[in-house]
Every structure is written in structure tokens, then in C-alpha cells.
Amino acid sequence: QLGLTSFTIYDSNSDVGGTWLANTYPGCACDIMSHLYSFSFELNPEWSYNYAPQPEIWAYLKNVAKKYDLYTHIRFETQVQKLTWDENQRKWIVSLRHKNSKIEEEVFDVIINGPGPLRLPHIPPEFNSFKGPIIHSADWNPNIPLEGKIVGVIGSGASAIQIIPSIAPRVQELHTYQRKPAWVMSRPQFKFPQLVKSIFSHFPLFMWLYRTIIFLFNELKFFAFPNSLSNQWGKKAAQSYLKKQFPGNEFLQNALTPNYSFGCKRICPSNDYYPALALPHVKLHRGKIVRVESDALCTEDGRQKIDILILATGYRVHDYFAPMEVIGRDSENVLSRWKKEGPRTYLGIVGSSTPNHFFLLGPNT
């Protein structure tokens, strides 16, 4: 639309995909319906499931990159280390390093900064005391066998809710450590018949209509977030779903009921998380982890021997674009200022000290 023909994309990874390239943990999938979780200009009639798994989303993104000839513009395995605004040239000096080569510089008129917020794993330092294998959900190691092992999972957010039911059948014991439970809703998962995919392929209008319906349905969910009748309905639906999963089990019902308002944190759709927690060899721990030993975790309730530790502890989202430095007008280090004073941007997109520099998924978006 702007008539820009000369651009370069720098990616520290070896391929496109971002989070869908990096996250390969068991059960990894999107919790947004597939036909909505796709570009409006590049709808995909071949989604296999209503909620697509990670390999399928990654394949979709690679196909989009190929179709629009983005690969010829991408420099992979290139780490952008610093962006510096040059007031004299009124341009950005980009310092970057490709693999293990020396630092080089390029000059650009416009910067679009989109490294993604779910990128730098948050690893609490207390777990350094554990001497067995440690796997973070964002850096999964498939070469570590889980079969017959005693496994501990730290966290109860979106990743843990997908990992736990996927590995539960494979392990000897599974201990899941929960700080705060999430609101969990039933997930309407189903496979698209070949006939439906053929109709979407040959008659794109039907696919567009289907996507529009999903879009409008999700827009209506906005009214469930303020303190409203919709919010109360959502809360009661989640509570009802929880009670049906654990009839007569007051411990799990109480342990898995959040003490914060419905919608204040991410709502997680899942059909298999609650059934996994009900398995006899799966133990939910609510008590605080008071000590981490070389082969065990100690909570207020006791000591549990652990063979393998899985950290579903999230990301360092408040580091924004770190470790990249952004030096704006008057040599201002943007991230350092944000750390001291809090981030200040216009609509999370632009900042006063960084001309012609645009954030994707910037602060407060």
C-alpha cells in the first residue's frame, strides 16, 4: 500500500514461524479456531481440525512466506543487536551478527520491530539446584525419554494445560505444581471432513462466511470481560464444566477454581486437561515449593522425588525486545527508560524518541 519495494527481514531463527517454529512440546496447538487464526487475505481450506496443531500452523506460515516471496528478503540466523537513531542522517543504524560472524551495520529509513513477546523463557533461578534433566516448554528436548519416569510439571497456564494430558499416559508418576489455577472451558474440537474442505476450496465464499461467523462470535465475547451478565454466564459455565469433570471430588473442585474474576487472565479451552488430573498416577500440588533439591521438590505438604522437571513457567514478556538495544533520540536507551518509568508509547505502536520505528505487539496492546 505504501509502495515500498526494498525491505529486509532479519530472523534469529533458521526458518519462518516464530513461536510455531520454536514451540514443539507435546500437545502444542492453538487455542483459537483455525479458520480465524489465519490471515484474512490468505484463507486456508485445508485445516484438518477446528483447533490446529503446531506442525500444521507452522506449515501454513511457511506456505504463506513462499507464496508471497518473502524468503528472498529474509536473512535467517541473524541477530539484531542494536538499533541506533542517527539524527544527522535521520536514519536507523542497525548492528547485527550472522551466526558467529563479526558485527556488521546496515542503514534503514524505517524499522518495524516485531520479535514477539513469547520468546525469552522465564526460568526461575531456584530450579538450578535440580540436577536431573530440565525441559522448558519453549525449548522442548524430544530426546529425553519420559516413559516410566517420575515427572514434575511447574506451572498451570496455557502450555501446561496442553502438556500435562499429552504426557500423562507415558509417565510412571506425574506431579503438577500449581500456583494459580486457570479458568478452563470446554474446547469444541472436531475434524473437518474432506467434503467440507473441498467446498471451502472450490467455493471460497463459504469459507469466508464461516470465518466471519467465527470472528463475530469471538467479538461478542468481549462483553464477557467486564462485570456483566455475560461475564457471570461465562464464570458459571466454567464452574459447571469443572464440577462435571470431578463429581464428588471437592479437593480438585476447590483446587482448580480460580480466586480471581473470570477473564482477568487467559481463559484456556481444553477437553483433556481435567481428565488427566483425575488419573490415579497424577498428583496436583497446591502448596508452595519451599525447597528444590538435586532430585526432588519439597512443598509445604512434603517431599516428592522427581526424575525429570518440565518448566511451563512462561516468558520474560516485560523484557520486550531484549537483548536487542534500541537507542533513540538524544541517545536514549528505550528499554532502560521503560524499566525505570514504565513503557510510554502511542497505541503500543510508536514512541516519541524513536522516529520511523514501529512496534508489533508493543506495550499495553
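**Notebook: contacts, sheets and rings**

I began with contacts (heavy atoms within 4.5 Å): residues 24 or more positions apart account for 64% of those in the chain with a separation of 6 or more. My notes rest on a predicted model, where local features need pLDDT of at least 70 and side-chain atom pairs count only at pLDDT 80 or more, while totals for chains, interfaces and linings use all residues. Residues are numbered from 1 along each chain as its sequence is written, and side-chain values use heavy atoms, with hydrogens and water left out.

**Entry: the whole chain**

I looked up nine helices and 18 strands in the chain; these are DSSP runs numbered from the N terminus, helices being H or I of at least four residues and strands E of at least two. The radius of gyration is 23 Å, close to the 21 Å from the globule rule for 365 residues, so the chain is as compact as a globular protein of that length. That radius is taken over C-alpha atoms, and the rule is 2.2 Å times the number of residues to the power 0.38. The C-alpha trace spans about 70 × 55 × 45 Å along its principal axes. I also noted that 41% of the 365 residues count as buried, which here means under 20% relative accessible area, with exposed over 50% and partly exposed in between (1.4 Å probe, protein chains only).

**Entry: the five-stranded sheet**

Next I followed an open sheet in the order E7-E16-E8-E9-E12, with parallel pairing; two strands pair if DSSP finds at least two bridges between them. E7 (134–136) and E12 (282–285) are the edge strands with a single partner each, so one side of each has no neighbour in the sheet. Neighbouring strands here are turned by 20° against each other on average, direction ignored. Axes are lines fitted to C-alpha atoms, for helices over the stretch in contact, and angles run from 0 to 180 degrees between N-to-C directions.

I then checked E8 (residues 150–154) and E9 (residues 173–177), which pair in the parallel sense over five bridges. Val153 stands opposite Thr176 in E9. Helix H3 (residues 158–167) lies across E8, E9 and strand E16 (308–311), and runs at about 165° to E8.

**Entry: the four-stranded sheet**

A second stop was an open sheet with the order E5-E4-E3-E17 and mixed pairing. Its edges are E5 (104–108) and E17 (325–327); each has a single partner strand, so one side of each lacks a neighbour in the sheet. E4 (residues 91–98) is joined to E5 by five bridges, and the two run antiparallel. Ser95 stands opposite Glu105 in E5.

**Entry: aromatic rings**

My search of the whole structure gave 20 aromatic pairs. Rings of Phe, Tyr and Trp (its six-membered ring) pair if their centres lie within 6.5 Å; planes under 30 degrees apart are stacked, over 60 edge-to-face, and the rest tilted. Phe190 and Phe192 have ring centres 5.3 Å apart and planes at 75°, so this pair is edge-to-face. Phe190 is partly exposed at 37% relative accessible area, whereas Phe192 is buried at 6%.

Phe246 and Tyr274 form an edge-to-face pair too, 5.4 Å centre to centre with 65° between the planes. Phe246 sits in the loop between H6 (229–245) and H7 (250–255), and Tyr274 in H8 (residues 273–277), so the pair ties together parts 28 residues apart in sequence. Phe246 and Tyr274 are both buried.

I also jotted down a cluster linked by ring pairs: Phe39, Phe41, Trp47, Tyr60 and Tyr68.
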